[in-house]
Amino acid sequence: MPVAKRNNLTRKTITEAIVKRIGFSESFIEKFIDNTFNEIKNSLTKNGIIKIKNFGVLKLINIFLPILEISKKILITANADRIFKILF
């Protein structure tokens with residue numbers, strides 16, 4: 001079975017796309033992106049769940065990996081078919 005190619009989205013890619021669309025400076029957009037993701041991260045750390053209107057629900061949960069004997073935090077969407085690892 002062929003492995004699907006992973007398309008990672010980087011801060012630089014996001015910044016370039018926004019700069020092209022709205023024409024703001026690259027440094028302003030980088031700060032905006034950093035602030036946005038930091039706010040999401042801080043809210044998740046504090047509350048464990050956030051709801052973003054017209055986007056969805058993000059929930060932070062702890063899982064225990066018995067084979068590795070460690071706990072990890074993962075971020076899930078309301079659909080639960082997409083699981084994102086997030087570092088805290």
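**Exercise 1: the whole chain**

In the protein chain, 9% of the contacts (heavy atoms within 4.5 Å) with a separation of 6 or more join residues 24 or more positions apart. A note on the ground rules: this is a predicted model, where local features need pLDDT of at least 70 and side-chain atom pairs pLDDT 80 or more, while totals for chains, interfaces and linings use all residues. Numbering starts from 1 along each chain as its sequence is written, and side-chain values use heavy atoms, leaving out hydrogens and water.

- Step 1. Count two helices (DSSP H or I, at least four residues) and four strands (E, at least two).

**Exercise 2: a helix and its end**

Task: check the span of α1 against the expected value.

- Step 1. Helix α1 covers residues 11–22, twelve in number.
- Step 2. The expected span is 1.5 Å times one less than the number of residues, giving 16 Å, and the C-alpha span of α1, at 16 Å, is close to that.
- Step 3. Just after α1, G23 has a positive phi of about 80°.

**Exercise 3: aromatic rings**

Task: find how many aromatic pairs there are (ring centres within 6.5 Å; planes under 30 degrees apart stacked, over 60 edge-to-face, the rest tilted).

- Step 1. The count is one.
- Step 2. The ring centres of F24 and F28 lie 5.4 Å apart with planes at 75°, so this pair is edge-to-face.

Terms used:
Rings of Phe, Tyr and Trp (its six-membered ring) pair if their centres lie within 6.5 Å; planes under 30 degrees apart count as stacked, over 60 as edge-to-face and the rest as tilted.
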